[in-house]
Amino acid sequence: ATAETPAPLSFAESARRIRDNAAVIAGGVNSNFRMNIAPTPLVFERADGPYLFDVDGNRLIDYYLGMGPMILGHRPQGVVDAVSAAMERGILFGGQSDLETEAARLVCEFVPCAERIRFASSGSEADQAAIRLARAATGRRVVLKFEGHYHGWFDNVLWSTAPPPDAAGPADHPVPVSGSRGQLGEAAYGIEVLPWNDLALVEARLAQGDVAAVIMEATMCNAGAIRPADGYLEGVRAACSAAGTVLIFDEVITGFRLGAGGAQGHFGVTPDLATFGKAIANGFPVAAVAGRADILDLVATGGVVHGGTYNAQLLSMAATVATLRALTPDLYAGIERAGARLMEGMRARFEAAGVRAVVTGYPAIFHVAFGLDAPARNYRDLARSDKKAYVAFTTALLERGVRALERGAWFLSSTHDDAVIDATLDAVEDAARVLRA
Ligand code: PLP
C-alpha cells in the first residue's frame, strides 16, 4: 500500500446521471441487479482490458466483468475484428450462416455433454428451453431446483434464489420462496426446492420416480462460490440415471470460465443437458442449451418448440467463434495463476488486518464472505455472512479504484496481469484496514 493515502474517488457525476435517468428509465437502470449499488450505480464511458472508465473520469479495475462474460477482458481485438467483419456482411438474416455452424461445432468439441446445441439470447431463456426439453423427454412434471441457485428471472424458476431464512421452512424440506412481487404462487407448480449438497435428500426424492429434471449450478457461483461436496455430483448423476431423470447443469457462469469444458469438464461429471451464456461470447448476448442428441432433437422431431428472433444472430455468432477460438489452455493457465495469486493475497491481507473472511471458489470465479468461521456448504450457511461489512468493503475498494460485486463474486479475465493484481491487493489492504478502523 502507498504511504500516503490518496483521496477517495468521487462518483458524483454517475450519481447525478442515475437520478436524471430515473425520469425515463425505471429506477435509473435496466436490470434490478444493477440497482442498490453503494455509493451509486455507475455510468461508464468506455472499457478496455481489465479497466472501466466512468463519467467521473475514474479508471477502475473491473471484477464485475459485465457480471461474468468478459473472460478475455474488455474489447479484445480478436472479437472486435470478427464482429466488425461480420457487420460488413449483415446483421440478422432470419436464416442460417456459416458462423453459427462453426460456433456450434466448437461448443460440441469443448463441452462433454454437447452432442447437439441450440443458441438463444440469454441464460434465462436457455434454462427455459432446457426445462421444457426435460419435461417433454420424460413426460413428467416435477423439476427439482436448489436453494440459492439462480436460473434466470422467469416466473417458474425465480424461487428460493435468496430465501429469507424465516420464510424458507425447515433446512431439509425448504418451501419455495417467491423472488418477486407479481409472480403467481401457481408458477411454482411443478417446482420443488431442496438444499444443495445433501445427496441423501436428492436420492430419496428421485426414488419416487416422478421427477423430470434436476437443475443446478454444478458448483454454486451466482449466490457465492460453493464447491460440491466430494461425491455429490457423481451421486446426483447416478440417482438421475437410475430414476430416468434429466440432469441439467446450469453453466451460465461456469461454462467456458472453469475451463473450455465448463464445470462438467472440471469435475468429470457429464449432465444430460447444460445451459450456457456469459463467457461464451465475451459480452455479446449469446446463450445456449446443449446436450444429448436424443433430447435436443425433440425440437426437430418431438414437437418441442424453441424460438427466438435473435437466436444465432450474425454478430453474436462472430463474437462466439472468436471468443471460443481464443480459449486456449495457455489462456486458462494465465487466469488460473493470476486468480490464485489474488485469492492468496487477499487471504493474507484479511488475516493481517484481523478481518474474518473466507475466500472460496476458483481462480476464475471466486467469492469472498465476511463473518463466517468456515467455507459455506450451502446457501443457508452463506446467508449468515456479514453482508453489511462486505458492502462497506466493496465501497471502500471502489473509492480506491477497484470495482467488485457487492454480493461477493470476483470474476477474472485474461487481461488481469501481475500489475493489475498487485494494484488490487494494495487497494484490498487499504480497504481492509478501513474496515477494521
Ligand atoms: N443461470 C445462472 C447461473 C446465472 O448466473 C444467470 C445470470 O446471472 C442466469 C442463469 C441467467 O442468465 P441471463 O442473465 O443471461 O438471463
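Helices α2 and α10 cross each other in a right-handed way. This comes from a predicted model, so keep that in mind as you look around. Helix α2 covers residues 77-87 and helix α10 covers residues 314-326; their axes come within 8 Å and cross at roughly 150 degrees. Angles over 145 degrees count as roughly antiparallel, and α2 and α10 are therefore roughly antiparallel to each other.

Which residues of α2 and α10 meet? On the α2 side, look for G78, V79, A82, V83, A85, A86 and M87. Their partners in α10 are L314, L315, A318, A319, V321, A322, T323 and A326. Sort this contact by class and you get 13 nonpolar residues, two polar ones and no charged ones.

Now hop over to another helix pair, α11 and α14. Helix α14 is made of residues 418-436, and its axis comes within 9 Å of the α11 axis, with a crossing angle of roughly 25 degrees. Angles under 35 degrees count as roughly parallel, and α11 and α14 are therefore roughly parallel to each other. The crossing of α11 and α14 is right-handed. From α11, the contact uses A338, R341, L342, G345, M346, R349, F350 and A353. From α14, it uses I421, T424, L425, V428, E429, A432, R433 and R436. What classes do the residues of the α11 and α14 contact fall into? They split into nine nonpolar, two polar and five charged.

Here are the two pairs side by side.

| Helix pair | Axes come within | Crossing angle |
|---|---|---|
| α2 and α10 | 8 Å | roughly 150 degrees |
| α11 and α14 | 9 Å | roughly 25 degrees |

Time to zoom out to the domains. The protein is divided into domain 1, which takes in 12-71 + 328-436, and domain 2, which takes in 77-326. How far apart do the C-alpha centres of domain 1 and domain 2 lie? The answer is 25 Å.

The two domains touch, too: 25 residues of domain 1 are in contact with 22 residues of domain 2. On the domain 1 side, the elements giving two or more residues are α11 (329-353), β11 (357-362), β12 (365-370) and α12 (379-382). Strand β12 gives the largest share of that side, with four residues. By class, the side of domain 1 that touches domain 2 has 15 nonpolar, eight polar and two charged residues.

Technical notes. Residues numbered from 1 in each chain as written. Predicted model: local features only at pLDDT ≥ 70, side-chain atom pairs only at ≥ 80, totals over all residues. Domains from an automatic or database assignment. Contact = placed C-beta atoms within 7 Å. Nonpolar A, V, L, I, M, F, W, Y, C, P; charged D, E, K, R; others polar. Axes fitted to C-alpha atoms, helices over the stretch in contact; angles between N-to-C directions. Parallel < 35°, antiparallel > 145°, perpendicular 65-115°, else oblique. Left-handed = near helix turned anticlockwise from the far one by under 90°.
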